[in-house]
Amino acid sequence: MDKFLLSECLEKYSMESLTAYCAEYGVEVKKGDDQKILTRELAEALQEENVIARRLGILDDKSMHALLTIAAGKETDDDDSIDALDGLDLVGRRDETYLVPEEVRAEFSLFDDKAWMQKRTDRVWLMQCLSVVSHYWADAPASVMQELFVKNDKVSKDADLVSLFKDIPVSEQTCVMIGNHFVVRGWRTSQVFSVYREKQKKYSFYIPSAEEAMDLYVNDYDTLEENGQKVLNWLVKNGADKGEAGLFLHELWNDINYGHPEAEVIRNSEAVITFENHEEQEDFRKMIHAWYRASRRLDLRGHTLAEVMS
């Protein structure tokens with residue numbers, strides 16, 4: 001079998017996407033260039049700019065295991081990791097089989113470097129911590145992030161978080177750095193967020209546990225909160241598909257997280273539910289009320305209504 005090269009991996013992109021990709025890495029697109037020319041030049045640019053090593057440096061253990069499994073010619077049923085690897089161009093398909101490009105294999109020696117591997121662990125955890133910025137803080141100094149970062153006993157306690165952040169490829173960054181602050185894009189300038197910015201000034205930063213931060217990163221909303229689980233279980237018990245109920249709950253949690261009024265959350269939830277009687281509806285509203293008070297909110301810097309009103 002011919003060697004599987006990065007240029008072949010890049011052939012999955014349309015000419016429009018490929019052109020934009022080339023522009024990102026300074027590859028000139030000349031009139032008449034076809035896909036094979038562009039993929040070859042782009043592959044060279046990605047190598048020259050050390051992009052492959054940087055992308056390997058943000059793989060969590062699960063994705064790295066999947067990568068090595070594919071490289072060994074074995075199959076893996078870890079679809080989430082495959083999607084992540086495919087999105088980073090660390091694997092590609094030929095005849096419906098996933099393969100690892102030779103240029104990526106050439107960087108595998110990094111996995112034997114203990115210092116590099118520790119940095120990878122630190123960097124991955126920082127990426128996971130950034131979900132807390134996205135959902136609870138919006139704008140947080142590195143000193144606050146450090147409080148959360150050190151809750152993971154596998155990371156370097158003296159890690160330079162600003163430097164680690166700069167090592168993360170821009171395409172994988174969920175925030176931006178402004179000075180030594182981790183900031184959600186547009187947070188400081190958008191008029192939409194002005195009310196949130198003003199309200200947040202009254203509250204300290206809620207520092208979640210490592211388990212909570214990981215849950216936010218994996219699920220993109222708080223699935224550990226018991227009142228939300230009660231609502232989910234109620235929906236499933238009354239005939240809802242668990243997957244669809246989870247998506248619906250996610251939407252409601254986002255509304256709560258952004259401080260939408262409780263009446264609006266109840267109205268949105270009841271719009272898709274048919275109740276057997278008034279008592280059932282009242283019980284459901286009580287569950288939503290308890291969840292509303294116990295959910296962590298962006299405008300309260302991650303605190304809950306119950307916490308700030310006590």
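**A chat about the model**

Reader: Let's start with aspartate 79: buried or exposed?
Author: Aspartate 79 is exposed, because its relative accessible area is 52%. (Over 50% is exposed, under 20% buried and in between partly exposed, with a 1.4 Å probe and protein chains only.)

Reader: What kind of model is this?
Author: It is a predicted model, where local features need pLDDT of at least 70 and side-chain atom pairs pLDDT 80 or more, while totals for chains, interfaces and linings use all residues. Residues are numbered from 1 along each chain as its sequence is written, and side-chain values use heavy atoms, without hydrogens or water.

Reader: Okay, where is aspartate 79 found?
Author: Aspartate 79 sits in helix 6, which covers residues 79-87. (Helices are DSSP runs of H or I with at least four residues, strands are E runs of at least two, and both are numbered from the N terminus.)

Reader: Let's zoom out. How many helices and strands are in the chain?
Author: The chain has 17 helices and five strands. Of its 310 residues, 48% count as buried. Its C-alpha atoms fill a box of roughly 70 × 45 × 40 Å along the principal axes.

Reader: And which residues form a nonpolar patch on the surface?
Author: Met214, Tyr217 and Val218 do, with about 260 Å² of accessible area together. (Such areas come from the Shrake-Rupley method with a 1.4 Å probe, and only the protein chains shown count as cover.)

Reader: Where does tyrosine 217 lie?
Author: Tyrosine 217 is part of helix 12, residues 210-219, and methionine 214 is found in helix 12 too. Tyrosine 217 counts as partly exposed because its relative accessibility is 37%. Methionine 214 is partly exposed as well, at 31%. If you look for serine 7, its C-alpha atom is 35 Å from that of methionine 214, and the two are 207 residues apart along the chain.

Reader: New topic! How many salt bridges does the structure hold?
Author: There are 18 salt bridges in the structure. (A salt bridge has a side-chain nitrogen of Lys or Arg within 4 Å of a carboxyl oxygen of Asp or Glu.)

Reader: What meets arginine 105 in a salt bridge?
Author: The side chain of glutamate 102 does, at 3.8 Å from N to O. Glutamate 102 is partly exposed at 29%, and arginine 105 is partly exposed at 32%.

Reader: And which residue meets arginine 188?
Author: Aspartate 139 meets arginine 188 in a salt bridge of 2.7 Å, N to O. That pair links distant parts of the chain, 49 residues apart: arginine 188 is in the loop between strand 5 (181-183) and helix 11 (194-200), and aspartate 139 is in strand 3. Arginine 188 is partly exposed, with a relative accessible area of 35%, whereas aspartate 139 is buried at 12%.

Reader: Which residues do shared partners join into one network?
Author: Lys12, Arg55, Asp86 and Asp89 are joined by salt bridges that share partners.

Reader: Last one: what is the phi of alanine 138?
Author: Alanine 138 has a positive phi of about 70°, although it is not a glycine. Alanine 138 sits in the loop between helix 8 (114-137) and strand 3, and it counts as buried because its relative accessibility is 1%. Arginine 301 also has a positive phi, about 55°, without being a glycine. Look for arginine 301 in the loop between helix 16 (278-294) and helix 17 (305-309); it is buried, at 17%.

Conventions. Patch = residues over 30% accessible without salt bridge, like charges linked within 9 Å, V, L, I, M, F, W, Y side chains within 5 Å.
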